[in-house]
Amino acid sequence: VNWGILSGPVTVKALNNCNSSAITSLNVSVVNGTFSTSVSSVPKFDTLCVNGLSASKSLTLTASGLNGTDVVVGPLNGYVFSNTSGGTYSNSYVISSYGTTLNKTVYIKFNPSTTGSFAGNFPISGGGGTPVSVGLNGNSVNSSPVLSAVVTNVACTNAKNGSINLSTTGGSGSFTYAWTGAGTYDPASQDISGLSPVNYTVIVTSYAGCTTSATYTVTEPSLLTVN
């Protein structure tokens with residue numbers, strides 16, 4: 001029996017060419033507007049750098065006895081939602097044109113705009129159903145150090161004897177370095193030498209994937225004009 005969303009009696013009898021049975025009746029109660037989620041709380045997100053975007057986590061949302069109006073997933077500060085893992089994420093996810101039942105996968109990413117703890121419950125509501133909520137938890141940090149450097153310029157024209165001694169102040173975790181610019185130095189070193197007179201940019205990565213960068217210029221003496 002394709003029952004629908006209303007409660008009431010269903011009656012049945014058996015019959016063939018010889019006879020028919022008595023009518024049997026059963027009262028059916030339909031539970032309307034029921035949301036169910038595969039988890040009550042999503043596993044905690046890894047600590048993330050402020051303004052970062054995490055990998056996605058997901059849950060399954062099912063429902064029955066809805067009235068067909070929009071169902072809204074979210075919002076919750078610090079998190080974004082989508083209907084596909086690699087899709088467009090936004091502060092809330094709207095489900096429409098679904099009929100009266102749902103079976104959807106909801107994808108969530110941690111996207112904090114400030115540092116701190118982001119623990120809370122995001123709501124699922126609409127469709128004439130009783131709202132439910134699911135727990136989310138994540139921490140955001142800014143572990144980037146302040147950068148400064150002592151630049152030693154090239155001593156003679158066309159020489160390659162410049163250097164940059166980089167210093168870090170503050171920040172947390174172990175730092176990794178990635179330099180770009182002309183020369184045969186080790187780009188993963190904190191300090192670099194054997195440099196030409198060009199610009200050098202360093203990206204420093206710290207705890208939880210935070211990054212900061214700076215650009216320094218190595219110069220050379222000006223050419224002298226002899227008359």
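Analyst: Two strands pair if DSSP finds at least two bridges between them. Strands themselves are DSSP runs of E, at least two residues long, numbered from the N terminus. The model is predicted, so local features need pLDDT of at least 70 and side-chain atom pairs pLDDT 80 or more, while totals for chains, interfaces and linings use all residues. Residues are numbered from 1 along each chain as its sequence is written, and side-chain values use heavy atoms, without hydrogens or water.

Start with β12. Seven bridges tie β12 to strand β13 (residues 162-169), and the two run antiparallel. Val146 has Thr169 of β13 as its bridge partner. The sheet around them is open and has three strands, ordered β12-β13-β15, with antiparallel pairing. Its edges are β12 (146-152) and β15 (192-195), each pairing on one side only. From one strand to the next, the twist averages 20°; axes here are lines fitted to C-alpha atoms, and angles run from 0 to 180 degrees between N-to-C directions.

Another open sheet also has three strands. Its order is β14-β16-β17, and its pairing is antiparallel. β14 and β17 each have a single partner strand, so one side of each lacks a neighbour in the sheet. Thr176 bridges to Thr205 in β16, and Tyr177 bridges to Val204 in β16.

Tyr177 and Trp179 point to one face and are buried, where buried means under 20% relative accessible area, exposed over 50% and partly exposed in between, with a 1.4 Å probe and protein chains only.

Now β10. Three bridges join β6 to β10, and the two strands run antiparallel. Val72 has Ser125 of β10 as its bridge partner. β10 is also joined to β11, antiparallel, by nine bridges. Across that pair, Asn121 stands opposite Gly135 in β11. The hairpin of β10 and β11 has five residues between its strands, and Gly127 there takes a positive phi near 70°.

Rings of Phe, Tyr and Trp (its six-membered ring) pair if their centres lie within 6.5 Å; planes under 30 degrees apart count as stacked, over 60 as edge-to-face and the rest as tilted. The whole structure holds seven aromatic pairs. Phe45 and Tyr79 have ring centres 5.8 Å apart and planes at 45°, so their pair is tilted. The two are 34 residues apart: Phe45 is in the loop between β3 (34-37) and β4 (48-49), Tyr79 in strand β7. Phe45 and Tyr79 are both buried.

Trp179 and Tyr216 make another tilted pair, 6.5 Å centre to centre with 45° between the planes. They link strand β14 (residues 176-180) to strand β17 (residues 211-217) across 37 residues. Both Trp179 and Tyr216 are buried.

Ring pairs link Phe45, Tyr79, Phe110 and Phe118 into a cluster. The charged end of Lys57 sits over the ring of Phe45, 5.3 Å from its centre; that requires NZ of Lys or CZ of Arg within 6 Å of the ring centre and within 35 degrees of the ring normal.

Finally, β1. Val12 lies in strand β1 (residues 8-12) and counts as exposed, at 53% relative accessibility. Beyond its neighbours within four places in sequence, Val12 contacts Ala22, Ile23 and Thr24. Val12 and Pro187 are 80 Å apart, C-alpha to C-alpha, and 175 residues apart in sequence.

Technical notes
Helices (H or I, at least four residues) and strands (E, at least two) are DSSP runs, numbered from the N terminus. Contact means heavy atoms within 4.5 Å.
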